[in-house]
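Please open the model in your viewer and keep the selection panel at hand. The stops below are meant to be taken in order.

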Amino acid sequence: MTHPVYTIPNFITFARILLIPVFVGIFYLPYHWSHIAGAAIFAIAGATDWIDGYLARRLNQTTKLGAFLDPVADKLMVVVAIVLLVEVHANPWLAVPSLVIVGREVAVSALREWMAEIGARATVAVSMIGKVKTTVQIISITLLLAYRGGFDDPIVVVAFSLYYLAATLTLWSMLLYIRAAWPYLTSADDEQN
């Protein structure tokens, strides 16, 4: 029997984490193709997010380590990409939705941690809206990384539109998580134990 740490999905998740410094390094290379290569690496990392989850379920290789590392890897990659984007597209049109996305990730991570502490983690499990949000986010960030033009570039306009859609879905999914957790957040301390 395979040790729970050494599973194919966990190796894919580790690879995604190891891609982060590669992604940043390539993004800053002084070549005209570096932003395209960085976007490609981000897109590959985004695809591995779906692949490792699918394989974990398909191969019956879900592990506690994988359940912990997968969202960490996702959030690290997205936040690093957003930091790079805010540098490239230094304007309030990108900064505001970026703050929404990063702020939501912090809030929902804290909520999930607290819910796990009180034994109600399943109440705030990832929903379909969260998966759609992640997909739209990955597509929009990939396009924004690849195309550094202004609003005169139709692809940049599409990318920004998708990014705003991702920010909207981000807020919506956060509200769904808070609504699911609300009974626990508002109950008396002695009711939780």
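A crossing of two helices is called left-handed if the near helix is turned anticlockwise from the far one by less than a right angle, and right-handed if it is turned clockwise. Please keep in mind throughout that this is a predicted model.

With that convention in place, select helix H4 (92–117) and helix H6 (154–186), whose crossing is left-handed. The axes of H4 and H6 come within 9 Å and cross at roughly 25°; since angles under 35 degrees count as roughly parallel, H4 and H6 are therefore roughly parallel to each other.

Stay with this pair and display the side chains of Trp-93, Val-96, Phe-151, Val-157 and Tyr-164, which together make a nonpolar surface patch of about 490 Å². H4 and H6 are the elements that give two or more residues to this patch. Phe-151, in contrast, is found in the loop between helix H5 (128–146) and H6, and it counts as partly exposed because its relative accessibility is 45%.

Next, select Glu-105, and ask which side chains form salt bridges with it. One is Arg-104, where the closest N and O atoms are 3.1 Å apart, and another is Lys-133, with an N to O distance of 3.2 Å. The pair of Lys-133 and Glu-105 links distant parts of the chain, since Lys-133 belongs to helix H5 and Glu-105 to helix H4, 28 residues apart. Are these side chains buried or exposed? Glu-105 is buried, with a relative accessible area of 7%; Arg-104 counts as buried at 3% relative accessibility, and Lys-133 counts as buried at 4%.

Now move to Asp-49 and Arg-16, whose side chains meet in a salt bridge of 3.9 Å, taken from N to O. This pair, too, links distant parts of the chain, with Asp-49 in helix H2 and Arg-16 in helix H1, 33 residues apart. Both Asp-49 and Arg-16 are buried. In general, side chains of opposite charge can pair when their charged atoms come close. The count for the model comes to seven salt bridges.

For the last stop, select Pro-30, which is found in the loop between helix H1 (8–27) and helix H2 (34–58). Pro-30 counts as exposed because its relative accessibility is 73%. A distance drawn from its C-alpha atom to that of Val-72, 42 residues apart along the chain, gives a separation of 30 Å.

Notes
Residues numbered from 1 in each chain as written. Predicted model: local features only at pLDDT ≥ 70, side-chain atom pairs only at ≥ 80, totals over all residues. Heavy atoms only, no water. Patch = residues over 30% accessible without salt bridge, like charges linked within 9 Å, V, L, I, M, F, W, Y side chains within 5 Å. Areas by Shrake-Rupley, 256 points an atom, 1.4 Å probe, with all protein chains shown as cover. Salt bridge = Lys/Arg side-chain N within 4 Å of Asp/Glu carboxyl O. Helix = DSSP H or I, 4+ residues; strand = E, 2+ residues; numbered from the N terminus. Buried < 20%, exposed > 50% of the residue type's maximum accessible area, 1.4 Å probe, protein only. Axes fitted to C-alpha atoms, helices over the stretch in contact; angles between N-to-C directions. Parallel < 35°, antiparallel > 145°, perpendicular 65-115°, else oblique.
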